[in-house]
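Open the model in your viewer and keep the selection tool ready. The tour moves from stop to stop.

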Amino acid sequence: MPKKNAFWLVLIILFALGFLPHWGIVFLFIAAGLLITVFGGRYIANVFSGQRTLLTPLFQPLESVFLRVSGITDSNSMNWIQYGQALLLVNILCGLFSAMILSLQGDLPLNPMHFQGMSPWLMFNTICSFITNTNWQSYSGEQTLSNLSQMLALTFMMLIGAISGLCVCIAFLRGMTNKALGHFYQDFVRAFLYVFLPVLVIGSLFFVSQGVPQTLHQQVTVTTIEGAKQQIAMGPVASLLTIKQFGTNGGGFFNANSAHPYENPNAMTNFIEILMELAIPMALVRTFGLWLADKKQGWMIWGAMMLLFLLSFGVGTCFEQIGNTMFNHVHPVPIDQALSPLQSGGNMEGKEIRFGIIPSLLFTTATTATSTGAVNNMHDSLTPIGGLVPLWNMMLNLIFGGVGVGLMGFLLYGIIAVFITGLMVGRTPEIFGKKLEKPEIILASLAILIHPLIILVPTAIAAMSHMGLSAINNLGPHGLSEILYAYTSAAANNGSAFAGLNANTTWYNISIGIVILLGRYISIIALLAIAGSLLGKTKVEPGPGTLQTNTLLFITVWVGVILVVGALTFVPALALGPIAEQLAMMAGNTF
Amino acid sequence: MWTAFRFSILMFLLGGILYPLGITLLSQIVFPYQANGSLISSNDGKVIGSYLIGQGFSRPDYFHPRPSFNHYDASNSGGFNDGPTSKKLVKRVLLEAKQYQLENPMAKMVPMDAVTASASGLDPDISLANAYVQAHRVALARGLDDTTVKAIINQTKHPKPVMGFNEPSVNVLRLNRNLDHYQTNSAKGFLSSDLKSSGLK
């Protein structure tokens with residue numbers, strides 16, 4: 001059977017399986033993911049190699065106008081140092097603009113609630129967090145920010161952070177596939193016009209049509225049926241929501257993020273939000289395969305990522321559906337957690353009825369597999385193993401991953417895997433036709449080791465000190481999980497939280513801000529350097545002794561290296577946190 | 001440096017100002033109802049809330065929503081964030097269960113959603129299991145029979161789950177409004193025939 005027909009057949013089967021009760025949505029999700037990967041991957045590849053796309057006639061004139069207005073005349077490829085410099089400069093400048101708006105908020109217009117400017121350390125934390133695509137929030141949106149700040153500072157930084165990630169990944173992929181790195185500003189404008197703008201406009205309007213507000217009013221007071229006054233906060237939510245999801249940013253308009261009915265009104269918006277998080281990360285895997293002229297390699301990586309994704313999701317869902325075993329023996333009237341045609345059952349603490357268990361966990365897995373960090377349920381209230389799943393995803397930080405950085409993380413482990421297998425069989429390691437030598441291995445090791453370092457060290461400090469412990473909301477192993485989750489989320493540039501932790505303290509604002517910066521820029525710079533260094537080497541034609549990286553065998557080794565190197569470091573911490581708590585819960589111990 | 005500055009200003013104008021304001025303008029023209037929060041008014045024109053945002057009900061003749069961290073204050077969303085082994089959680093859930101049982105003495109079991117708080121504190125829905133348990137109390141308080149109230153639930157509930165979309169649930173505000181409508185209308189001999197044909201068992 002031709003490959004094309006096989007693809008459509010698989011899609012039809014997945015779609016049909018979508019009608020299965022309860023689990024159907026998972027098959028539908030895989031089908032949609034496949035479609036996005038195939039078409040989105042080709043589209044991104046075309047956009048960034050300057051080929052004609054459907055939108056070229058519309059956007060090409062705009063692209064040159066934007067570049068000319070900014071005073072950019074040449075579009076020759078930069079080297080990795082120039083590329084990195086331009087990226088850092090734009091990030092710093094945009095961060096400074098936003099800092100101005102956040103601190104002057106009290107004196108700026110569109111602030112009917114008279115919110116004051118942010119305090120310096122909270123602002124430091126917020127700027128670090130939003131410009132790096134993390135979107136950790138130590139504040140509550142509807143209680144702290146005016147509509148002006150939500151638009152000019154936050155929506156803006158989300159856009160910059162996401163596009164920056166995409167640009168770095170595109171440059172890295174070009175380096176890996178033997179192309180010139182490219183021109184930062186040109187890539188940036190193209191990413192904005194061709195990739196982000198169409199999705200943002202259509203997506204925002206879709207969300208508004210489903211009930212997400214988009215208004216400059218900040219609050220409405222209504223009188224409920226029983227006569228009580230209800231203050232309803234709203235604002236330009238849809239425009240922020242769309243970039244939040246599509247750019248894998250995750251910082252919510254409201255404190256409850258995508259659990260708020262205005263930020264996620266129904267099951268359909270929930271599904272679309274999940275797909276938006278994964279769209280670019282999934283598509284980039286195929287872009288990579290196309291540029292490498294080795295589609296099989298792309299699909300192998302995609303398959304491995306999807307497998308890791310479904311594994312996380314499956315484990316989490318099972319434990320959530322079983323529910324909180326504490327409530328299994330309540331007398332005289334039992335509490336019913338069983339799945340039935342009348343209820344979704346399971347652990348409904350911190351979850352919304354309209355999402356139930358399975359779509360909630362699909363969201364949780366997607367938001368932590370990618371670096372989004374939006375939540376549609378409260379991760380702090382997940383069952384212990386249910387809460388281990390998001391932690392695990394963020395510790396790996398490469399199951400599709402954030403816009404751009406996820407695939408780079410996966411390829412980084414590819415370099416290590418090639419190196420290790422090279423050592424085992426006594427050959428010079430090569431990846432994608434490029435010899436790997438000392439500088440690449442040192443840079444890759446640095447980028448990998450920094451991740452556990454900036455998670456575990458601050459966690460240990462916080463867990464031993466009053467300033468760390470005074471902020472936790474839950475005692476026992478769960479308290480440790482709260483701290484561990486905070487730094488994992490910061491290092492992975494995720495931004496979701498075990499939100500019981502009161503992180504708006506000087507210690508957490510500063511330490512988390514620093515972890516976020518290290519987590520983002522050290523690995524980005526190391527990866528650009530690797531790309532630059534690989535680009536300088538001549539391509540070696542594959543011979544009979546070349547290690548094939550696109551085989552099932554090698555992908556297995558690859559995932560094995562990810563699990564051993566990437567995950568084993570964290571097992572002791574996980575044993576003290578979620579695993580200890582699960583055992584305590586089964587024994588009926590409370591803290 | 002100068003280039004980066006000009007470029008950042010340009011992106012600021014496009015992404016920070018033009019994008020959100022443009023979307024606001026478009027939404028206000030194309031979907032004015034949704035863009036302003038899907039607010040609904042009573043018959044006398046007063047704004048009474050939004051079907052999307054849950055509101056508190058405590059009178060026995062109304063269906064009650066789930067417990068809420070913020071008591072349905074829609075200017076301060078959020079959940080309790082109590083961990084699964086937290087003493088606070090266990091105490092709260094058992095207390096809620098006791099209360100639920102007092103309000104609905106006929107209940108043979110307490111649905112999980114009736115005693116746990118939602119993530120936003122603004123959950124507009126309850127599970128069907130929860131609604132059916134409360135139906136008896138509501139019917140009693142309104143002087144209706146159980147079957148009528150259950151029929152109104154069935155008319156109001158969200159469509160059956162297909163492909164994992166929709167959970168078995170009903171919107172509390174909509175349900176309570178439908179109850180009120182039914183009683184004002186049935187005084188005029190209206191709607192009762194509709195109810196009999198609504199697939200009620």
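Which residue just after H3(A) takes a positive phi? Select Gly71(A): its phi is about 80°. The model is predicted, so local features need pLDDT of at least 70 and side-chain atom pairs pLDDT 80 or more, while totals for chains, interfaces and linings use all residues. Residues are numbered from 1 along each chain as its sequence is written, with chains lettered from A and ligands numbered from 1 in the order written.

Step back to H3(A) itself, residues 56-69. Helices (H or I, at least four residues) and strands (E, at least two) are DSSP runs, numbered from the N terminus. This helix has 14 residues and spans 19 Å from first C-alpha to last. That is close to the expected 20 Å (1.5 Å times one less than the number of residues).

Next, select Leu28(A) in helix H2 (residues 24-48) of chain A. Is Leu28(A) buried or exposed? Leu28(A) is buried because 21 C-beta neighbours lie inside 10 Å. The cut-offs are 20 or more other C-beta atoms within 10 Å for buried and 12 or fewer for exposed, with partly exposed in between; C-beta atoms are placed from the backbone. Beyond neighbours within four places in sequence, Leu28(A) contacts Phe15(A), Gly18(A), Met163(B) and Gly164(B). Contact means backbone-placed C-beta atoms within 7 Å.

Now show the interface. Chain B gives 90 residues and chain A gives 107. On the chain B side, H1(B) supplies the largest share, 20 residues.

Finish at strand S3 (residues 335-336) of chain A. It runs parallel to S3(B), joined by 2 bridges (pairing needs at least two DSSP bridges). Asp336(A) stands opposite Pro111(B).

Methods: Contact = placed C-beta atoms within 7 Å.
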